[in-house]
Amino acid sequence: MSKLNEIIDISVIKSILPHRYPLLLVDRIEEVHKKESIVGIKNVTINEEFFLGHYPDHPIMPGVLIVEAMAQVAGILIYYSFEEMEDRLPIFTSIDKAKFRTPVKPGDQLRIKVEMVRLRKRISKVRGEAYVGDNLAAEAEMMFTFEEK
């Protein structure tokens, strides 16, 4: 197992992922075990644009954006799992077994854990879980392919 020992901050995340505000949904990576697993953080604030419409009087983070945050964390795991990924981009191709268990609200911190299920150069599969504290908020299985940048 090859573990990166440093915390990956937003400047490094932005050099890996093409996403930008308001769709960059990863603030920090706390652990990376190449080819195995990763832990990322998304701080959820009331300033998020989606809270303007989902729902103004009872703000809840849309489940689709929780899945997107898991996919972005998975993309970083895939980036660190292969050599020569600088010119390649992981593309989210499918989602299975998605479940939403606990609402995510402003002030929450999502702790996103992703484990590699299958790592291949043509297509890779991961399992993601997003927690608020000790409570499982969402989970899903996702697949990725690759595209040239």
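A: Happy to. Seven strands make up an open sheet, in the order S1-S2-S3-S5-S6-S7-S4, with antiparallel pairing. At its edges are strand S1 (2-4) and strand S4 (88-100), each of which pairs on one side only. The twist averages 20° from one strand to the next; axes here are lines fitted to C-alpha atoms, for helices over the stretch in contact, and angles run from 0 to 180 degrees between N-to-C directions. Strands are DSSP runs of E with at least two residues, helices are runs of H or I with at least four, and both are numbered from the N terminus. Two strands pair if DSSP finds at least two bridges between them.

A word on the ground rules. This is a predicted model, in which local features need pLDDT of at least 70 and side-chain atom pairs count only at pLDDT 80 or more, while totals for chains, interfaces and linings use all residues. Residues are numbered from 1 along each chain as its sequence is written, and side-chain values use heavy atoms, leaving out hydrogens and water.

Now step inside the sheet. Strand S2 (residues 28-34) and S3 pair in the antiparallel sense over five bridges, and Glu-31 stands opposite Val-39 in S3. Both Glu-31 and Val-39 are among the residues that Arg-111 touches, not counting residues up to four places away in sequence. Contact means heavy atoms within 4.5 Å. Arg-111 itself lies in strand S5 (residues 109-118), and its contacts also include Glu-30, Gly-40, Ile-41 and Tyr-131. With Glu-30 there is a polar contact, side chain to side chain, at 2.5 Å. A polar contact is a pair of N or O atoms within 3.5 Å; within protein, one must be able to donate a hydrogen and the other to accept it, and residues adjacent in sequence count only if both atoms are side-chain atoms. The C-alpha atoms of Arg-111 and Ile-29 are separated by 9.6 Å, although these residues are 82 apart along the chain. Arg-111 is partly exposed, at 27% relative accessible area; buried means under 20%, exposed over 50%, and partly exposed in between (1.4 Å probe, protein chains only).

At 9% relative accessibility, Glu-48 counts as buried.
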